Amino acid sequence: MRQFITAYTLIDGFKCMVNGRLLFYQENILTFADFIKALYKQEQVNYPKFYKMDALGKLGFIASELLLRNKDIKSYPPELTGVVLSNSSSSLDTDIAHNETIRNREHYFPSPSVFVYTLPNIVIGEICIRNGIKGENAFLVSESFNSELIAGYVTDLFSRELVKGCLCGWIEVLGNRCEAFLAWVENQADVAETKPGPFNPVPFDAEHLKLLKNQNDR
Amino acid sequence: MEELIEKLKKEVIEQLNLEDIKPEDINPDSPLFGEGLGLDSIDALELIVLLEKNYGIKIEDPKDGKKIFFSIRSMAEYITANKK
């Protein structure tokens, strides 16, 4: 059975698109913190824990929220819903913040709420908690977005029937530089059963992943 | 005491990133955990760090935490009694 991408989110240069439609862009925004807060407010996401997340958590959470809010992912068993993400900086953004709290011996106050985010896969935990997802998950680190790796990994999960739906893509934050690309992948039969949405499903493979992610570069 | 309570409210909001909450929203006698502000276990650790960083108070026995961090008022009372 073939898999299809039935929805996707793209965040790049403080601009946010969902299924190819521009959702958010403000020219005067200069920092990641201002951007992500403005996007959160605009989209009226009510989740107080959002403010406690690190930058990677916030970016992944918002990207998944905008992607999944129109998808009926609860129709899949939680144990058969997966999340496979990747980036190049791992949790370096938060590792730096943690280092700031411990590098001065005279003022040594490590922050527990910063420290808990010094792993990249914590963002997967945030998404899973929010959506009740309990299936396979992985966070892969590579120099740049490796569409072959993601397509191969997720296709393998589908072929071994470990997932029926899977969120996958790229979540990268370092300082004010951020980039997110998330795709929701489902089996062909499930796609046929869903009502037509704002985005025509495309086959799930390395080529389409690359095309959707890099559409702003063209 | 009231001055310390107001100061503590601001410090707790900042330390715990309670973005949408203002000092006047916090009842100094309401429980900090469970209901009320809905704080979690990581927040509890942050409050321990706050006491040490801002007031030089180290909690030696973790069992005391439940009583000390029951509310903003109980925190203020503990700080007043133990500040170095």
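Predicted model: local features only at pLDDT ≥ 70, side-chain atom pairs only at ≥ 80, totals over all residues.
A residue is buried when under 20% of its relative accessible area remains, exposed when the figure is over 50%, and partly exposed in between. Keep these cut-offs at hand.

## Confidence

The predictor attaches scores to its own work. For the complex, the ipTM is 0.82 and the pTM is 0.91. Chain B has an average pLDDT of 91. In chain B, 99% of the residues reach a pLDDT of at least 70.

## Helix H8 of chain A

Helix H8 of chain A runs over residues 206-213. Which of its residues are buried? They are A:Ala206, A:Leu209, A:Leu212 and A:Lys213. These residues lie on the same side of H8(A), because they cover an arc of only 135° around the axis. An α-helix has 3.6 residues a turn, so residues three or four places apart point the same way.

What does this buried set pack against? Its partners in chain A are strand E1 (3-12), H6, E6, strand E7 (177-187) and strand E8 (202-203).

## Helix H5 of chain A

Helix H5 of chain A spans residues 122-131. Its buried residues are A:Val123, A:Ile124, A:Glu126, A:Ile127, A:Cys128 and A:Asn131. They pack against four elements of chain A: H2, strand E4 (81-87), strand E5 (137-141) and E6. Just after H5(A) comes A:Gly132, with a positive phi of about 65°.

A:Ile96 and A:Cys128 are 32 residues apart along the chain, and their C-alpha atoms are separated by 25 Å. A:Ile96 itself belongs to helix H3 of chain A. It counts as partly exposed, because its relative accessibility is 45%.

A:Glu65 sits in helix H2 of chain A. Is A:Glu65 buried or exposed? It counts as buried, because its relative accessibility is 10% and the cut-off for buried is under 20%. Setting aside neighbours within four places in sequence, A:Glu65 is in contact with A:Val45 and A:Arg130.

## Loops and backbone angles

Two residues have a positive phi without being glycine. A:Asn19 has a phi of about 50°. For A:Glu161 the angle is about 55°. Both are in loops of chain A. A:Asn19 lies between strand E2 (15-18) and strand E3 (21-25), and A:Glu161 lies between helix H6 (147-159) and strand E6 (165-174). Their surroundings can be read from accessibility. A:Asn19 counts as buried because its value is 18%. A:Glu161 counts as exposed because its value is 65%.

A:Gly175 is in another loop, between E6 and E7 of chain A. At 38% relative accessibility, it counts as partly exposed. Which residues does A:Gly175 touch, not counting those up to four places away in sequence? They are A:Phe32 and A:Asp93. A:Gly175 and A:Ala33 are 142 residues apart in sequence, yet their C-alpha atoms are 9.3 Å apart in space.

## The largest pocket

The largest pocket has a volume of about 660 Å³. How many residues line it? There are 36, and those nearest its centre are A:Tyr51, A:Lys52, A:Met53, A:Asp54 and B:Asn17. Of the lining residues, 15 are nonpolar, eight are polar and 13 are charged.

From chain A, helix H1 (32-42), helix H2 (55-68), helix H3 (92-102), helix H4 (112-115) and helix H5 (122-131) each supply at least two residues. From chain B, helix H1 (2-15) and helix H2 (41-55) do likewise.

## Cavities

The whole structure holds two cavities of 30 Å³ or more. The largest cavity has a volume of about 40 Å³. Its lining is made of A:Asp54, A:Ala55, A:Leu56, A:Ser90, A:Ser91, A:Asp93, A:Thr94 and A:Val173. That set divides into three nonpolar, three polar and two charged residues. H2 and H3 of chain A each supply at least two of the lining residues.

Two names here have come up before. A:Asp54 is also one of the residues nearest the centre of the largest pocket. A:Asp93 is also touched by A:Gly175.

Notes: Residues numbered from 1 in each chain as written. Chains lettered and ligands numbered in written order. Heavy atoms only, no water. 1 Å grid on protein atoms, 1.4 Å probe; cavity = no way out; pocket = protein on both sides within 12 Å on 5 of 7 lines; lining within 4 Å. Points joined across faces, edges and corners; volume = space filled by probe spheres on them. Nonpolar A, V, L, I, M, F, W, Y, C, P; charged D, E, K, R; others polar. pLDDT = per-residue confidence, 0-100. Buried < 20%, exposed > 50% of the residue type's maximum accessible area, 1.4 Å probe, protein only. Arc of directions from axis to C-beta. Contact = heavy atoms within 4.5 Å.
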